Amino acid sequence: MSSRNPLPPHLAQFVHEDESSFFTDEVRSEQQGGLHRRVEDLRRDRDERNAAINEAWRTRGNIKNALTRSGDFATHDGRDEPTGLEVPGLIAVTPDGNVYESKRQNDMSLDQKIARDIVAMRNSKLSGRNGLDMFDLFQKPHAKSSGNSTNKCETCLNLQDTYGKTSLGKLQRSRKGCPTCRMILDALGLYSRVFDEDDRVRTFAPIARRNTLRIWCQGKQSTVGEIPFMIELYVLPGQPSPWPSISASTEISGDTSSPEAFAQARYWLSNCIQNHDRCPSNQDVPLPTRLLYLKHDGGRWHVRLAETLGSVGRYACLSHRWGKQGAAELLQTERGNYEDHLKEISVQSLPRTFQHAIVSSRRLGLQYLWIDSLCIIQDDNADWRAEAAKMGSYYGNAYVTIAASWSPGPNGGCFSYAEPEYIGRQLYRQEGCTVNVRRIIAHGFRWPLLGRGWIYQERLLSPRVLHFGPLELVWECYTCTTCECTQSDNLHTDLSNKTEHSQIMGRTTTREIFRNRWRNMIQEYSRLDLTFAKDRFPALAGLAKQMQSYRKSDYYAGLWADSFIGDLLWEANYGMFEQAEPRESDNKAPTWSWASVNAQDINYGNVGTIATQSGLERCYDRIQTTFVKLLSIDGEPLAEGNSGESEDCRIILRGPCVKGIVQHSPIHDPPDPSKHDNPRYYEMEKEYYKERKHKLKSVLRFDSVEPSGFNSGREFTPDYGLFHKGRYHIDSGASVLVAKMAAVEADDAIYSDDQILCLVLRQLLPFPRTYERIGLAKWRSNDASVKAFEKAEDMVLRVI
């Protein structure tokens, strides 16, 4: 950045001249080595070689966006371009990383078309779930009138349309008479030489303050779910703009280890400490039981484990992924090396992420750093339980949390370089106005760290989080979210819930808001990955204790005493046409808790808690009437020293119950050749069925009631695959108990109706009136199945 534009004045005072002296040998070699020089070379893409490599980097960026969180993440590994990849125009990426060209549908093989469609559906599902919808980026598109209607271009609408639609061919035909059409083509031409005249182009004029002008381009034959190509046009702060729709934005450093990047980080930190009333300074707080002590003198690092013995001070925390190999990739503190770690820990023995975190902590002026694998004795169960129960307070008291957000594992590091298409380039310069262009930067979208269950409370509890992303630094605190490019608050992101959460956590918040907030937290948290099922409660305990300090209610195994009946009405989601997973035999959570299942996610939409695309909550109470009473909860609630697991906790319910029958059947029916005109599609469907014919589903029936034809068979959602062999197996045709729980109003006048929600239970023999939860059932209030409850028996149930 400094080579092209001077550092903004407000950041100049935060630059430290001696920063490079903090680098470890490995970091210094990265700074001075070929990787840095290569990125600088790529910025000067005037010849064919650099243009080709730049195109390869564009492909690689698409791969990053298209791969799922659970897949292999394309990282900055120092190569000039991804190996084994051609440079297509628009691509589809399968979950295993294979790349297919989707530019010309007629030129694609059958396998490529199938892969393209699978990826499109997968991306569409992921983008909807993660709050990024490229096809509906803004909430209310509307056209703005042009200042001079006589000179208005019908192709680009003079960049004034917030949802303008055109094609590359129309822009090319209009470029001679319209400078803005010419500028759009020039901007797209900087990033690809393979666009087609039938490619669809849309311009998004700003509708919110500080929005940039965005240009979207996608192939005509692309399907919904394939990721479009997007760029943004902007001027630098303080400079005039030639068009009202082109607003100001800042450049990114391009190197998150650079002095410019850390000047920005220090500015955010200083501004937060001095000016944010909602953000605690955490200058003199109780220190964790152990911390890493960091000292740097004369070019040598000294790192050791320190026992704090009740001292106060300030420190940083590290949030990171343990990686696919888990503990095998990490240096850990164990009983066998504990005394050695108190003396010294060799910096060379630490993975790259830890080294970068150490460097970053010292560059931010901190001498102590908390890292879970080194500050908890990993093979001491008593120490692990005691420290895990305190982890929420450790992150809540941290001066700043350093998040290795882009890194898939401990050897990825924190620092990264931006691919050249994300670095601003001068596009238009005339009469003192300079327009810059760059590729749109996604903020938090599918960062590996954000898919980790532990990071959820680490993020929300930390007063300040400095994210080291794949392209830039991103800042989160209780008051705001921002980034180097300043556009993080203008696009839907995975980082949209922290400020909202901090606003809710207060003594004036009502019980209803706490109730809805918690249920939405469970929906968000349940989508994240945990290596061990036993961590489900510890990884959420800090947030539960934070809410309990304001809510003043007992908490048992993920549910709250003051909203218990509604909290019981969670629904397990395994995905459409997917077989439910088994319930783990070693899972000690009560069966009535959402933590007892291994679902894709947990849904509270039946009772009115829904997350919108922006990540914000849309909550209201759908429950009109409850039919059961909670008589007692027999178990240990959340308290100091535990994580609220409430093992062996039993609840006593009283309410109307009827008997039902559970039956198992195949999810998929064999294909019917008479329904297919095209033999190719019949063969595809037959192959699809062959691979999935073994998958089963479970349905619920009442003996005395004929099921309705509408939505029949999908009224029952099992908590797990009831047909799996083992401790929780249920035979097809087995009798179960259905407890009528609540009546809920319609969520939408068109797409839903008033419903009756029920818990489905099975008796735990030989114990009388003792049951386990196995699923949730729901019927429309006027469904024939509801008539079964006219003969319901009022029962007292013990559910474990």
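A residue is called buried when its relative accessible area is under 20%, exposed when that area is over 50%, and partly exposed in between (1.4 Å probe, protein chains only). Glutamate 458, at 1% relative accessibility, therefore counts as buried.

The structure described here is a predicted model, in which local features need pLDDT of at least 70 and side-chain atom pairs count only at pLDDT 80 or more, while totals for chains, interfaces and linings use all residues. Residues are numbered from 1 along each chain as its sequence is written, and side-chain values use heavy atoms, with hydrogens and water left out.

**Overall architecture**

The chain contains 19 helices and 33 strands; helices (H or I, at least four residues) and strands (E, at least two) are DSSP runs, numbered from the N terminus. Of its 800 residues, 58% count as buried. Contact means heavy atoms within 4.5 Å. Among contacts between residues at least 6 apart in sequence, 71% join residues at least 24 apart.

**Nonpolar cores**

A nonpolar core is a set of buried Ala, Val, Leu, Ile, Met, Phe, Trp, Tyr and Cys residues joined through side-chain atoms within 4.5 Å. The largest one has 137 residues, of which Leu292, Trp370, Trp592 and Trp594 touch the most other members. Strand 30 (residues 734–744) gives the most to this core, contributing eight residues. Another core, of 28 residues, lies apart from it and includes Cys156, Leu171, Cys178 and Leu188. Beyond its neighbours within four places in sequence, tryptophan 594 has several contacts, among them Ile522, Tyr525, Trp570 and Tyr604.

**Salt bridges**

Side chains of opposite charge can pair when their charged atoms come close. A salt bridge is a side-chain nitrogen of Lys or Arg within 4 Å of a carboxyl oxygen of Asp or Glu. A search of the whole structure finds 28 salt bridges.

| Pair | Closest N to O distance |
|---|---|
| Arginine 452 and aspartate 372 | 3.8 Å |
| Arginine 452 and glutamate 458 | 3.5 Å |

Glutamate 772 is buried, with a relative accessible area of 2%, whereas arginine 727 is partly exposed at 43%. Elsewhere, Arg214, Glu232, Glu251 and Arg438 are linked in a network of salt bridges.

**Glutamate 476**

Glutamate 476 lies in strand 17 (residues 473–477) and is buried, with a relative accessible area of 0%. A polar contact is a pair of N or O atoms within 3.5 Å; within protein, one must be able to donate a hydrogen and the other to accept it, and residues adjacent in sequence count only if both atoms are side-chain atoms. The side chain of glutamate 476 makes such a contact with the side chain of arginine 459 at 2.7 Å, and another of 2.7 Å with that of histidine 467.

**Glutamate 334**

Glutamate 334 occupies the loop between strand 11 (316–319) and helix 9 (338–343) and is partly exposed, at 32% relative accessible area. Leaving out residues up to four places away in sequence, glutamate 334 touches Ile377 and Asp379.
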